[in-house]
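Reader: I've got this model open and would like a close look at one part of it. Could you walk me through a helix and what surrounds it?

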Amino acid sequence: MLAFVTGATGFVGSHVARALAAQGADLRLLVRSGSDLRNIRELQAEQVIGELRDPASLKKAVAGCDVVFHVAADYRLWVRDPQEMYRSNVEGTKAILEAARESKVRRVVYTSSVATMGFRSNGHLANEESPVSLANMIGPYKRSKFMAEEIAIAAGRSGMDVVVVNPTTPVGERDIKPTPTGRIVVDFLKKKFPAYVDTGLNLVDVAECARGHVAALEQGRSGERYLLGGENLTRRQILDKPAAITGLPSPSIKVPYVVALATGVVDQVVTGHIRNREPRATIDAVRMGRKKMFVSSSKAERDLGWKTLPVDEALRRAVEWFQANGYA
């Protein structure tokens with residue numbers, strides 16, 4: 001089986017590529033010119049130069065492949081030009097699906113996000129059936145992923161074989177960028193977490209998440225989406241875990257929402273618009289934190305054999321990797 005993987009130079013994609021290699025798949029990996037190749041350096045894989053915004057390069061790259069894993073995405077909670085994100089996440093997904101259709105690949109596994117789920121403030125766990133619409137999406141990242149997911153689901157229900165997976169908040173090693181989640185760990189290690197906001201996330205081991213992608217290829221139903229989640233944790237609980245691993249103190253001061261929002265406004269204006277750097281705190285991130293992003297993965301447990309596991313070991317691997325690679 002020849003598997004085409006986008007995003008393999010990144011965090012989740014590198015783990016998906018390894019999970020496929022462990023199953024004996026041959027790999028063809030999409031890389032951009034100038035990409036950081038550390039995450040795939042030791043993989044036995046064919047590398048092809050291409051770009052999500054270049055449909056011609058995608059058609060050439062997909063040709064002859066049996067399956068496609070579209071993992072790549074522009075994952076930032078702030079971007080100066082939101083259209084860049086829509087071109088990569090929405091138009092890029094359209095182009096990948098069109099390339100897969102023309103090449104008659106057996107199945108496409110599209111990596112969406114927990115961000116597209118419908119979260120409520122009443123404490124109920126979100127799942128694949130929770131009511132949600134584009135109007136519920138905060139910021140260009142969530143909107144672009146929602147739009148791309150709708151395209152993938154529609155393709156899977158109208159003739160193509162497409163399965164959607166929705167990882168929650170992956171943690172683990174090889175988060176080279178790092179992602180916004182990885183920055184939580186890095187900032188903690190750098191003692192940049194004097195306080196916390198009362199919110200919540202579902203954390204999942206990135207290696208388990210990658211195995212869930214393979215299970216979706218083998219057992220998922222076309223046109224369906226599957227939440228791949230782990231532990232539902234408050235922000236304080238999340239920070240307590242690396243504190244236990246490292247011996248560093250966990251913050252004890254809880255910041256009120258209005259203070260966090262004001263901080264986001266100032267950081268976005270000063271860091272983002274004046275200094276032209278990605279802010280550590282953004283208005284959208286604070287707004288998203290008003291609802292705890294807690295989920296149930298019961299559908300994946302039923303259809304894919306998914307197992308909901310603790311994330312302590314994944315966080316330990318993340319801490320050790322960030323320390324070993326000079327992030328903190």
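Which residue just after α1 takes a positive phi?

Author: That's G24, with a positive phi of about 90° just after α1. Keep in mind that this is a predicted model.

Let's back up into the helix itself. α1 covers residues 11-22, twelve residues in total. From its first C-alpha to its last, α1 reaches 17 Å, close to the 16 Å expected at 1.5 Å a residue.

Now for the surroundings. Ten of the twelve residues of α1 are buried, so the helix is largely enclosed by the rest of the structure. If you want to click through them, the buried ones are F11, V12, G13, S14, H15, V16, A17, R18, A19 and L20. What do they pack against? On the strand side of the list you'll find β1 (2-6), β2 (26-31), β4 (67-70) and β7 (169-171), and there's a helix too, α6 (206-219).

While you're at it, have a look at another pair of helices, α2 (residues 55-62) and α3 (residues 82-103). Their axes come within 9 Å and cross at roughly 40°, so the two are oblique to each other. The crossing of α2 past α3 is right-handed. On the α2 side, the contact uses P55, L58, K59 and V62, while α3 brings in G92, A95, I96, E98, A99, A100, E102 and S103. Sorted by class, that contact has seven nonpolar, two polar and three charged residues.

Technical notes
Residues numbered from 1 in each chain as written. Predicted model: local features only at pLDDT ≥ 70, side-chain atom pairs only at ≥ 80, totals over all residues. Heavy atoms only, no water. Axes fitted to C-alpha atoms, helices over the stretch in contact; angles between N-to-C directions. Helix = DSSP H or I, 4+ residues; strand = E, 2+ residues; numbered from the N terminus. Parallel < 35°, antiparallel > 145°, perpendicular 65-115°, else oblique. Left-handed = near helix turned anticlockwise from the far one by under 90°. Contact = heavy atoms within 4.5 Å. Nonpolar A, V, L, I, M, F, W, Y, C, P; charged D, E, K, R; others polar. Expected span 1.5 Å × (residues − 1). Buried < 20%, exposed > 50% of the residue type's maximum accessible area, 1.4 Å probe, protein only.
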